[in-house]
Amino acid sequence: MRIAVLGASGRTGGTLVDQALERGHEVVALVRTPSKVTVPAPRQVEIRQADVTAPQSFPGLTDVDVVVSAIGIGKGDGPGALLAAARRLAAANVRTVWLGALGSGVSSRSGGLIYAGVMRMFVGSELAEKAEADEIALKAGATVFHAPDVTDGPLSPTRRVVPLAELRRPLLPPRISRTTLAALLLDEAEAGNHGNGILVPLS
């Protein structure tokens with residue numbers, strides 16, 4: 001497949017690029033600053049400058065099969081970056097797997113009471129924007145992942161996704177390794193088994 005990764009210069013985006021290449025896919029890295037993307041030789045990645053806040057210069061995506069978005073709100077980003085990204089992908093009319101956050105919007109209490117408190121404390125000012133961006137992605141037909149806290153760690157052999165409506169609320173704050181999350185995002189990009197809706201990735 002030809003897979004575009006939005007936010008490819010971030011830690012999760014970089015993991016997605018690596019794993020997609022390992023699976024034999026062609027990869028298009030969509031990044032605001034191309035110089036931040038490093039790909040070990042002899043791997044080949046097409047790098048396209050993609051500033052979501054500049055719609056007139058955002059690159060076309062008619063030549064890709066699917067976009068996996070790993071864009072987040074980075075340090076120094078003002079409000080609106082996630083909304084802009086969701087709008088750019090919706091306008092591109094391309095199949096999208098969108099990475100959101102467990103504990104935002106409709107999943108605000110799905111991670112358990114402790115997790116909800118942690119999210120309000122550390123992500124509070126961004127929760128509303130995350131929820132609105134998810135809504136834009138969903139209305140455009142995307143598959144939206146509400147990922148729990150992301151950590152370093154190995155690939156889980158028991159990785160799986162469950163629809164948000166079927167998630168059992170955990171007692172302790174849930175976590176998932178970045179490697180496992182990337183693998184699940186790519187699983188969905190490849191198979192497209194779940195279509196439009198919200199999924200929770202689990203270890």
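What follows is a conversation about this predicted model, going from the overall fold to single residues.

Student: What share of the residues is buried?

Tutor: Of the 203 residues, 49% count as buried. The chain exposes about 10,100 Å², and carbon and sulfur atoms supply 51% of that area. As for contacts, among those with a separation of 6 or more, 74% are between residues 24 or more positions apart.

Student: Now helix H4. How far does it reach from its first C-alpha to its last?

Tutor: Helix H4, residues 178-191, reaches 20 Å over its 14 residues, close to the 20 Å expected at 1.5 Å a residue.

Student: Is H4 largely enclosed or largely open?

Tutor: It is largely enclosed by the rest of the structure, because ten of its 14 residues are buried. Among those buried residues are Arg178, Glu188 and a run from Thr180 to Leu186. Just after the helix, Gly192 takes a positive phi of about 60 degrees.

Student: Pick one of them, say Leu184. What does it touch?

Tutor: Leu184, which lies in helix H4, counts as buried at 5% relative accessibility. Leaving aside residues up to four places away in sequence, Leu184 touches Phe145, Arg159, Arg160, Val161, Ile176, Pro201 and Leu202. By way of contrast, Pro34 is 150 residues from Leu184 in sequence, and the two C-alpha atoms are 26 Å apart in space.

Student: Arg159 is in that list. Which side chain does Arg159 meet in a salt bridge?

Tutor: Arg159 meets Asp187, with an N to O distance of 3.0 Å. Asp187 lies in helix H4 and Arg159 in the loop between E7 and strand E8 (160-163), so the pair ties together parts that are 28 residues apart in sequence. Both partners count as partly exposed, Asp187 at 25% relative accessibility and Arg159 at 31%.

Student: How many salt bridges are there altogether?

Tutor: The structure holds ten. Side chains of opposite charge can pair when their charged atoms come close. One of the bridges joins Arg48 and Asp63, at 2.5 Å from N to O. Arg48 sits in strand E3 (residues 46-49) and Asp63 in the loop between E3 and strand E4 (66-69), so this bridge ties together parts that are 15 residues apart in sequence.

Student: Are those two buried or exposed?

Tutor: Arg48 counts as buried at 12% relative accessibility, whereas Asp63 is partly exposed at 36%. The two also belong to a network of salt bridges that links Arg2, Glu26, Glu46, Arg48 and Asp63.

Student: What about Asp149, which residue does it pair with?

Tutor: Asp149 meets Arg175 in a salt bridge, at 3.5 Å from N to O. Asp149 lies in strand E7 (residues 149-151) and Arg175 in strand E9 (residues 175-177), so the pair ties together parts that are 26 residues apart in sequence. Arg175 counts as exposed at 58% relative accessibility, while Asp149 counts as partly exposed at 34%.

Student: Changing topic: which residues make the nonpolar surface patch?

Tutor: Ile114, Val118, Met121, Phe122, Leu171 and Leu172 make that patch, which has an area of about 720 Å². Met121 is found in helix H3 (residues 113-139), and Met121 is exposed, with a relative accessible area of 64%.

Student: Last one, the backbone. What is the phi of Asn93?

Tutor: Asn93 has a positive phi of about 55 degrees although it is not a glycine. Most residues other than glycine have a negative phi. Asn93 is placed in the loop between helix H2 (81-92) and strand E5 (96-101), and at 71% relative accessibility Asn93 counts as exposed.

Note on methods: Residues are numbered from 1 along each chain as its sequence is written. This is a predicted model: local features need pLDDT of at least 70, side-chain atom pairs count only at pLDDT 80 or more; totals for chains, interfaces and linings use all residues. Side-chain values use heavy atoms; hydrogens and water are left out. Patches are made of residues with over 30% relative accessible area and no salt bridge: like charges are joined within 9 Å, nonpolar side chains (Val, Leu, Ile, Met, Phe, Trp, Tyr) within 5 Å. Accessible areas come from the Shrake-Rupley method with a 1.4 Å probe; for residues, only the protein chains shown count as cover. A salt bridge is a side-chain nitrogen of Lys or Arg within 4 Å of a carboxyl oxygen of Asp or Glu. Helices (H or I, at least four residues) and strands (E, at least two) are DSSP runs, numbered from the N terminus. Buried means under 20% relative accessible area, exposed over 50%, partly exposed in between (1.4 Å probe, protein chains only). The expected span of a helix is 1.5 Å times one less than its number of residues. Contact means heavy atoms within 4.5 Å.
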